[in-house]
Amino acid sequence: PKTQKDAASPSRKGDFDAVRNDIASILDQPDYDDGSIGPVLVRLAWHASGTYCAETKTGGSNGAGMRYEAEGGDPANAGLEHARRFLEPVKEKHPWITYADLWTLAGVVAIKEMGGPDCKWKPGRTDFVDDSKCPPRGRLPDGAQAAEHLRFIFYRMGFNDQEIVALAGAHSLGRCHSDRSGWEGPWSVTPTKFSTQYYKMLTKFKWEEKKWEGPRQFRNEDLGEELMMLPTDMALIEDEKFIPWVKKYAEDRDAFYKDFADVFSKLIELGVERTDDYESAPTFSKAEGDKK
Ligand code: CCH
C-alpha cells in the first residue's frame, strides 16, 4: 500500500540526486557489521562490473545479472544478496532507475559518504530481461592466489598494474565474513572510513600466516587477531612492480584519491553501451529467483 509520503512526492524519472540522497540515508545501519552498509555496497558495484572481458566485450555492470542465480549464485558473490536487499526500498521508491544504474551509483555514493573521492558516474545501463547474457562464473578474483592471478583477472578487464593497486585500496573498507568467503576480519581499524590505511598496514607491519583451521590468511602479532590480509593482498607487497604503487599510495593521500576515483569510474563503465531510451526491470523483490 502506498504511504502518504509516496503519494505526495512521486519520484520523478531521471532525478538521480533524489536517488543519491536516499542511498546516503540508508548507509548507517547500527545492527549491521561495523555500523554501515557502505562497504558491502562498494563490493556490489565492483562485483557487478568486474566480470568484464575486454576481448569478447562481455560481462560488466550492464544488465544487473546478479539478480539471476547464474551470476548471483556464483560463490564469489556470496553475501552480496544483503547489499541488493538493502537497496530494494530505494528501487521501489524510484522504480524508473535500472538495477544496473542503482548498484553502481550506490557504490559511488557509499565511497563519497565514507569520506572518499567523487567518482564520476553516468546513468544509462540497462537490465537484462533474462539470464542468457550473464557472464560465466569464475571471472572474479580468488583471494587465495597471487600476483600472476591478479594480472590475469585485471588485464582481462583492461587494467594495468598501477590500476590494480589503486583499486585494491578499497580494502581499507569492510571486512571478510567467514560465512561468505571463508576468510575473517577487516583490513583496517576504521572499516567504514575511506582512507589510505590499507596501504599503510601493508607497508608498515610485518604479516605472517595465521595459524587456524580456516583458509590461508595473514595476521600481525602487534595488531592482534582481528586485522587481516588475504594472500592476494600480500601479493601487492611481494611483487616488484606492484610494491612501488603500494608505497606511493601509503604516503600520498591525494594521489590515491585521484587515482582511485579515476579507476573506479573506469571500472563501473566497463561494458556499458547506452541507448537513449532505456527500460528498468520491475522491482525484483516481487519477482522470483533472488534467494534471500
Ligand atoms: Fe575485495 N574482497 N577483493 N575488492 N572487497 C572482499 C571484501 C571487499 C578480493 C577479495 C575479497 C577488490 C578486489 C579484491 C571490497 C572491494 C574491492 C572479501 C571478503 C574478499 C575475499 C568478502 C566477504 O567475506 O564478505 C580480491 C581477491 C580482490 C582482488 O583484487 C576491489 C577491486 C574492490 C573495489 C574497488 C570491499 C569494499 C569489501 C568489503 C565488503 C564487506 O562486506 O565489508
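This is a predicted model: local features need pLDDT of at least 70, side-chain atom pairs count only at pLDDT 80 or more; totals for chains, interfaces and linings use all residues.
- To find His 171, go to the loop between α8 (161-168) and β1 (175-176).

**Aromatic pairs**
- A ring pair is described by how far apart the centres are and by the angle of the planes.
- Take Phe 154 and Phe 159: their ring centres are 6.4 Å apart and the planes sit at 55°, so this pair counts as tilted.
- Both Phe 154 and Phe 159 are buried.
- Phe 256 and Tyr 257 make an edge-to-face pair, with 5.9 Å from centre to centre and 85° between the planes.
- Phe 256 has 0% relative accessibility, so it counts as buried.
- Tyr 257 is buried too, since its relative accessible area is 11% and the cut-off for buried is under 20%.

**A cluster of rings**
- Phe 256 and Tyr 257 also belong to a cluster linked by ring pairs.
- Other members of that cluster include Phe 194, Tyr 198, Tyr 199 and Trp 245, along with Tyr 249, Phe 260 and Phe 264.

**Arginines over rings**
- Arg 85 lies over the face of Phe 86, 5.6 Å from the ring centre.
- Arg 151 lies over the face of Phe 242, and here the distance to the ring centre is 4.2 Å.

Terms used: Residues are numbered from 1 along each chain as its sequence is written. Side-chain values use heavy atoms; hydrogens and water are left out. Rings of Phe, Tyr and Trp (its six-membered ring) pair if their centres lie within 6.5 Å; planes under 30 degrees apart count as stacked, over 60 as edge-to-face and the rest as tilted. Buried means under 20% relative accessible area, exposed over 50%, partly exposed in between (1.4 Å probe, protein chains only). A charge sits over a ring if NZ of Lys or CZ of Arg is within 6 Å of the ring centre and within 35 degrees of the ring normal. Helices (H or I, at least four residues) and strands (E, at least two) are DSSP runs, numbered from the N terminus.
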